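The following exercises concern the structure shown below. Each one sets a task and then works through its solution step by step.

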Amino acid sequence: MRADEDVLHSLMVDGLDGDAAAHAALLRLLVPLLRGFYRRRARGSDDDIEDLVQETLIAVHTRRASYDRTRTFTAWLFAIARYKMIDHFRRVSRLRPIEGLEDTLMAEGEEDAVAARLDVDRLLALLPAKQARMIRATRVEGLSMAEAAEAGGIGESDAKVSVHRGLKALMARIVGDAR
Amino acid sequence: MNTDELITTLSQEVRPVRRGAIGRRLLVGLGLGAMVSTGLLALWTGIRPDLLAAMAGFTFWMKWAYTLSLALAALTISVQLARPDSAKLHGLWLAAIPVLLLAGIGVLDLLRTPPGEWLAMWLGHSWKSCPWRVLALAMPIFAGLLWSFRRLAPTRLRAAGAAAGLLAGAFAAAVYCLHCPETSAIFVLTWYSLGILATSLLGALLGPRLLRW
């Protein structure tokens, strides 16, 4: 299951209605998201990162009454994650100087980036697999057309056409949504 | 404990959460605290003996309208600050409405009263004790709200503390109306508000310490 806003939101709402399985599934989906979030912002050992992830999961669980189901789930989640990180720094900074705090602060907007990535995932899921794979390789991961074609085991002109058609379909889709 | 085990443990107890859980939880904390405050007031200063007669008059309802509408405004702010993603607050101006209305009544009162009696009207009989009593009565309510926040997720702790203090103070002032025999609008506007403001300040001071999670 892909961890996009719709999936997370509906699992959260089911959990709030008392569905323990949905709640467990939600927490499992959050683990990689939170690991990525903290790895990019807090430079600590893997243990530190895992501590933060666990603390956040506990907070998501014990403070789920603070989630309003009409609002965006990921905004709620990342607000908790950010609070937990600041709290973590506050505790740690009493013991040792904060290193790389500037980098952490520079990483503001990361949350938007994660949300954007979730959006991209959702949009690409609408396309045929080959087009999605080629767009992801060339536009998201930054491979050259030749590298992407080789990785995908197809010809370069085939790759080019796939990217072109895929982007065109997405464009039509986005313009359609905006109307 | 590894993360998988943690998730299994957490998922063993998944209680349903109803819509509007934030407001509901704050109201429960507020209600429990207010019951303690009312009991405290009855034991400490006593309920005014002419309460029923006073409830037939204008000033009693003016005081309740002022304090309860202020509490309602504080409640809407507290609900927002109980959410982690409370970047933008809406309805802060609501808290100004009761103050302005009461100030309006105060001005009308002053116009109808000879200037020689203004000071007596302003100070009443209990100006020295009124703010302190409101502050004291607010403490059980503030404690009740701290309990409410234990399952909520405020991330702006100072602001959340101030909002909870405002709510506790305003509701405590409403409780205090059960005792207080003062009748003038400018008395309430000054001394009640002073007690409410003091509670809010205390909340702002204590918030970062007490609301941390």
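**Exercise 1. Overall make-up of chain B**

Chain B contains nine helices and zero strands, where helices (H or I, at least four residues) and strands (E, at least two) are DSSP runs, numbered from the N terminus. The model is predicted: local features need pLDDT of at least 70, side-chain atom pairs count only at pLDDT 80 or more, and totals for chains, interfaces and linings use all residues. Residues are numbered from 1 along each chain as its sequence is written, while chains are lettered from A and ligands numbered from 1 in the order in which they are written.

Task: state the order of elements in chain B, its extent along the principal axes and the share of its residues that count as buried.

Solution. 
- Step 1. Read from the N terminus, the elements of chain B follow the order α-α-α-α-α-α-α-α-α.
- Step 2. The C-alpha trace of chain B spans about 75 × 35 × 30 Å along its principal axes.
- Step 3. Among the 213 residues of chain B, 41% count as buried. A residue is buried if 20 or more other C-beta atoms lie within 10 Å of its own, exposed if 12 or fewer, and partly exposed in between, with C-beta atoms placed from the backbone.
- Step 4. Of the contacts in chain B with a separation of 6 or more, 88% join residues 24 or more positions apart. Two residues are in contact if their C-beta atoms, placed from the backbone, lie within 7 Å.

**Exercise 2. The nonpolar cores**

Task: identify the residues with the most contacts inside the largest nonpolar core, and the helix that gives the largest share of this core.

Solution. 
- Step 1. A nonpolar core is a set of buried Ala, Val, Leu, Ile, Met, Phe, Trp, Tyr and Cys residues joined through C-beta atoms within 7 Å.
- Step 2. The largest such core has 80 residues, and those with the most contacts inside it are B:Ala74, B:Val134, B:Leu167, B:Ala170, B:Phe171 and B:Ala172.
- Step 3. Helix H8 (residues 157-176) of chain B supplies the largest share of this core, 15 residues.
- Step 4. Apart from this core lies another, of seven residues, among them A:Met134, A:Ala137, A:Ala148 and A:Ala149.
- Step 5. When neighbours within four places in sequence are left aside, B:Phe171 is in contact with B:Leu30, B:Ala34, B:Ala71 and B:Ile141.

**Exercise 3. Helix pairs**

Solution. 
- Step 1. Two packed helices are described by the angle between their axes and the distance between the axes.
- Step 2. The crossing of H2(B) and H4(B) is right-handed. A crossing is left-handed if the near helix is turned anticlockwise from the far one by less than a right angle, and right-handed if clockwise.
- Step 3. B:Ile22, B:Gly23 and B:Leu26 of H2(B) meet B:Leu75, B:Ser78 and B:Val79 of H4(B). These residues divide into four nonpolar, two polar and no charged; Ala, Val, Leu, Ile, Met, Phe, Trp, Tyr, Cys and Pro count as nonpolar, Asp, Glu, Lys and Arg as charged, and the others, Gly among them, as polar.
- Step 4. H7(A) and H8(A) form a right-handed crossing. Their contact is made by A:Arg133, A:Met134, A:Ala137 and A:Thr138 of H7(A) with A:Met145, A:Ala148, A:Ala151 and A:Gly152 of H8(A).

**Exercise 4. A single residue**

Task: explain why B:Ile97 is classed as it is.

Solution. 
- Step 1. B:Ile97 belongs to helix H5 (residues 96-112) of chain B.
- Step 2. B:Ile97 is exposed because it has 12 other C-beta atoms within 10 Å.
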